[in-house]
Amino acid sequence: MAASTAAASSTTRRSPALRSLTSRYAILAWSGALWLIVWFVVPILWMIWDLAASQEFQDTLSFSGSERTVNLRAFRNTFETAAIVTILCLIAGYIVAYFLVSVGPRVRIILMSLVLIPYWVSIIIRTYGLIVTLGRKGFVNETLIDAGLIEEPLRIMFTTNAVYLGMVQVLLPYVVLTVYTSLEAIDDNLFTAARSLGAGGWNVFRKVTLPLSLPGVYAGGIIVFIISLGAYVTPALIGGPGDIMIAQIVWINATEFGQFGTAIVLVLPLIVVTLALFVVFNRFVGVDRMLGTGGTAEQR
Amino acid sequence: MTARPLAPDPRAATGRGENVVFRGVTKRFGDEVVAVDTMSLEIQAGEFFTLLGPSGSGKSTLLNLVLGALRPDEGEILVGGEPITSVPIHKRNIGMVFQNYALFPHMTVFKNIAFPLGIRRMAKAEIKQRVEEVLDLVQLSGFENRYPSQVSGGQQQRIATARAIAAEPPLILMDEPLGALDVKLRVEMQEQLRLLHRSLGVTVIYVTHDQDEAMTLSDRIAVMRDGRIEQVGTPREVYEQPANSFVASFLGDANLIAARVVRQSDDGVELATRGEPGMVLRVPSDAGSMTAGLDEDVYCMVRPQRIDLTSAHPAGPGDGDGMHNLLPATVEAAYFSGTEIRYLITTDHGDSLHAISAIEEGREEFAAGDGVIARWPVEFSRLLSS
């Protein structure tokens with residue numbers, strides 16, 4: 001405590017950002033950053049440098065390659081899927097998080113485990129779990145047929161909807177956790193105050209709960225959107241033939257066709273969009289909030 | 001922050017407050033904790049009423065029962081004659097000022113104060129006018145566009161008060177609203193609250209554990225302990241005629257001298273102190289809420305300010321004029337505090353007492369080790385149950 005105060009006072013004339021980069025604890029951040037620079041930033045820059053002159057790099061960049069339509073479709077599909085999955089995750093995750101903060105501590109621990117345990121299970125295992133549950137001879141279809149509600153099994157797997165379902169199932173915990181942290185950080189007195197001032201349940205939610213939990217909503221939304229942009233496993237395993245995401249095309253180009261030039265060009269838009277989202281988010285909410293400090297925009 | 005006289009609220013009509021009645025109200029937490037124990041009490045319309053007690057005495061619980069944040073297990077609370085325990089909190093129209101103010105951090109000062117008005121679907125122009133009015137009342141005009149985090153603690157307190165009174169509730173609850181402020185500001189705010197209460201004419205139920213604050217602000221005080229009311233009365237009554245030793249020591253300094261009743265007459269009660277030598281103390285007959293039987297163990301209570309110290313004189317103790325109680329004692333310590341000297345003395349029979357004497361020309365001053373006579377008028381002695 002004393003050390004940080006001393007460090008802060010010796011650098012008071014510098015901007016807060018600069019100060020945080022030069023404080024004595026910044027070495028912790030820098031060590032992480034160094035790791036990313038060496039193993040992520042440098043290889044990508046090196047690949048661009050190395051492949052920029054290649055034919056396929058030029059072709060893909062100028063959209064004159066033979067896979068032009070396929071690539072464009074994959075991009076549109078990727079962003080559309082990411083957007084829909086994000087919205088679905090936010091709605092479902094908010095409801096779960098809201099429920100979590102409103103139950104007693106004992107029930108909360110149980111429910112929290114139900115959210116977290118799948119989160120720690122491999123995404124592939126979970127996706128196969130969905131096939132077992134929702135496939136033609138899966139649990140859901142068998143039950144519905146036995147109950148006489150349907151005659152033919154529903155086609156749920158290997159459709160676009162299956163991709164949404166699978167991705168929401170995988171990504172939901174991110175929203176639950178960020179929104180839960182935001183909701184949990186709101187002072188209970190604010191709800192009592194709002195009610196004492198005449199607000200019923202809906203008004204309390206609309207005017208107090210929702211605005212104060214927005215940092216968690218933004219954080220969860222951005223995390224889910226960014227991860228969805230790079231989704232690969234779920235669409236490949238349970239999507240239909242039309243559900244090709246850009247990550248799959250990148251993978252095919254790099255490993256099966258050996259066209260690293262094409263792969264790197266297709267990756268670039270994703271990286272740019274991801275970084276842009278981070279910048280915008282940091283501008284309006286602050287990345288530190290994304291990491292669970294939660295709380296409220298104007299509080300002290 | 002200069003204190004200028006408060007502009008009278010143009011809408012404030014005196015007698016706008018409503019009375020509050022508690023009928024056998026009980027609130028338990030779990031199986032063992034009885035936070036409020038069969039409480040019956042009537043608070044007058046327009047009264048500034050304070051619930052005073054140590055933490056855990058049930059005062060905040062009582063406030064939350066009126067607010068509606070809690071429901072009583074037994075009994076009924078009536079506001080303006082109407083039972084309210086089954087009315088949901090947002091339909092009670094009771095103003096509340098929280099200890100941590102509970103201002104909405106994402107709203108400007110204007111929006112905070114406009115909150116109850118917007119909920120009531122008041123017209124925009126009317127809302128603007130009313131917010132200006134109450135901001136003027138708490139002397140914060142011009143702060144409309146600030147956020148709560150951008151103003152000081154004292155200003156946050158006043159914004160919270162403005163928000164609580166904006167919708168003109170007939171009853172305002174305050175839970176240690178000045179507890180987070182420093183002493184100087186607190187005294188200033190006490191004055192403001194008193195004036196505000198007078199100009200609004202509403203009923204105020206105020207919770208505090210600060211006895212000075214309670215006495216300064218209140219029309220009446222209820223001293224609470226363990227979920228029960230020990231005494232209700234004006235600040236003067238509870239201070240000068242405490243019902244028991246708890247009330248006596250909670251409100252200001254009190255010397256409690258353990259004694260035994262030896263004689264009762266129309267003139268008063270005669271007590272003998274415990275310990276050797278047993279000294280005789282007199283207490284006026286009307287000076288106690290209790291009637292003590294012969295030989296009963298009691299306390300003789302006297303405030304430190306009432307005790308006068310004089311040099312020990314050879315005539316010996318106990319031969320007073322009948323108008324004073326006298327106890328020979330030795331000064332243990334003397335603390336100088338600018339305007340007065342606070343003495344800690346030990347009587348010859350073994351009680352430790354405090355005496356406070358103002359610093360004046362010609363008044364004798366003592367040092368540790370001096371033999372003295374502690375002397376006070378009989379009329380300032382109180383008989384309390386032990």
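A cavity is here a set of points, on a 1 Å grid over the protein atoms alone, where a 1.4 Å probe fits but cannot get out, and its lining residues have an atom within 4 Å of a point. This is a predicted model, in which local features need pLDDT of at least 70 and side-chain atom pairs count only at pLDDT 80 or more, while totals for chains, interfaces and linings use all residues. Residues are numbered from 1 along each chain as its sequence is written, chains are lettered from A in the order in which they are written, and side-chain values use heavy atoms, without hydrogens and water. Across the whole structure, a search finds 5 cavities of 30 Å³ or more, a volume being the space filled by probe spheres set on points joined across faces, edges and corners.

**Largest cavity**
- The largest cavity holds about 80 Å³ of space, and among its 10 lining residues Val138(B), Arg158(B), Gln192(B), Leu193(B) and Leu196(B) lie nearest its centre.
- In chain B, α4 (153–166) and α5 (183–200) each supply at least two lining residues, helices being DSSP runs of H or I with at least four residues and strands runs of E with at least two, numbered from the N terminus.
- The most is given by α5(B), with 4 residues.
- The lining has 6 nonpolar, 3 polar and 1 charged residues, where Ala, Val, Leu, Ile, Met, Phe, Trp, Tyr, Cys and Pro count as nonpolar, Asp, Glu, Lys and Arg as charged, and the others, Gly among them, as polar.

**Second largest cavity**
- The second largest cavity, with a volume of about 60 Å³, has a lining that includes Phe48(B), Thr161(B), Met174(B), Leu193(B), Leu196(B) and His197(B).
- At least two lining residues come from each of α4, β7 (171–175) and α5 of chain B, and α5(B) gives the most, with 4 residues.
- Its lining has 9 nonpolar, 2 polar and no charged residues.

Terms used
1 Å grid on protein atoms, 1.4 Å probe; cavity = no way out; pocket = protein on both sides within 12 Å on 5 of 7 lines; lining within 4 Å.
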